[in-house]
Amino acid sequence: MSEEIIKIPTHVAIIMDGNGRWAKARGLTRLEGHKAGTENLRGIIRACVDFGIKYLTVYAFSTENWTRPSDEVNGLMLLLESVVENELAELHREGVQIRHIGRLEALPKGLGEKVKNAIEITKNNQRLILYIAWNYGGRDEIVYAVQKIIEAGIPANEVTEETITNHLFTQKCPDPDLIIRTSGECRTSNFLIWQGIYSEWVFTPVLWPDFNKKELRKALIEYGSRERRFGKV
């Protein structure tokens, strides 16, 4: 008998790592690996719905990823555009609400408009809230929050943790209960560094294109075995 899932996290975040290594092992290009990783996301979204997870955040493109070769960056932009164009209707039908975190203004204008359109079309869906972290960095997010606080004219002595939280990209989202990183790397990589201070982390050796519902289930079982104390005894 398979082990039962004891508790389901409200918010799961995933660092989708390992596309390049997956491709290299198969004699494919890095872009083909990213395409396989993008296609894999469909199954994980469905799995999250099946498990009753309410929020899913995926780390798709970091602020540091701009330093990658231009053909890879351009290819990733085309992949995002393809996902927005080809997956939007089905995601909408399945009740998925799309949100974006990161500096959207850095995307090519046409692509940015398509992302905004996807956000608008799905804004009333509640089955799963999907945050796509694109052109996102945890430190940059904190800089963004500080900029917005200054623009709002909030006095320094009135700035609290709640003030900062309310000015982050994720202001309407609960902090992640569980953060998963695929591919065996054990780094946080500038991901949700404010929100993830008490998240449970699961590092799996499975490369992202091979991370399926079964592997997600294992991570949820591991999460359920942990005692979360939030700094208390």
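User: What makes Cys186 count as exposed or buried?

Analyst: In this predicted model, where local features need pLDDT of at least 70, side-chain atom pairs count only at pLDDT 80 or more, and totals for chains, interfaces and linings use all residues, Cys186 has a relative accessible area of 56%. Buried means under 20% relative accessible area, exposed over 50%, and partly exposed in between, with a 1.4 Å probe and protein chains only, so Cys186 is exposed. Residues are numbered from 1 along each chain as its sequence is written, and side-chain values use heavy atoms, with hydrogens and water left out.

User: Why is Cys173 called buried?

Analyst: Its relative accessibility is 11%, which lies under the 20% limit, and therefore Cys173 counts as buried.

User: How many disulfides does a search of the whole structure find, and what is the nearest cysteine sulfur to Cys173?

Analyst: The search of the whole structure finds zero disulfides, a disulfide being a pair of cysteine sulfur atoms within 2.5 Å. Cys173 is in no disulfide, and the nearest cysteine sulfur, that of Cys48, is 13 Å away.

User: What makes Ile221 buried, and where is Ile221 found?

Analyst: Ile221 is found in helix 7, where helices (H or I, at least four residues) and strands (E, at least two) are DSSP runs numbered from the N terminus. With a relative accessible area of 14%, Ile221 is buried. Leaving aside neighbours within four places in sequence, Ile221 is in contact (heavy atoms within 4.5 Å) with Glu3, Glu4 and Ile5. The C-alpha atoms of Ile221 and Glu4 are separated by 7.0 Å, although these residues are 217 residues apart along the chain.

User: Why is Phe230 called partly exposed?

Analyst: Phe230, whose place is in the segment after helix 7 (213-224), has a relative accessible area of 45%; this value falls between the 20% and 50% limits, so Phe230 is partly exposed.

User: How do you know that the radius of gyration of the protein agrees or disagrees with that of a compact globule?

Analyst: The radius of gyration is taken over C-alpha atoms, and the globule rule is 2.2 Å times the number of residues to the power 0.38. With 233 residues, a compact globule would have a radius near 17 Å, and the protein has 18 Å, which agrees. Along the principal axes, the C-alpha atoms fill a box of roughly 55 × 50 × 35 Å, and buried residues make up 48% of the 233 residues.
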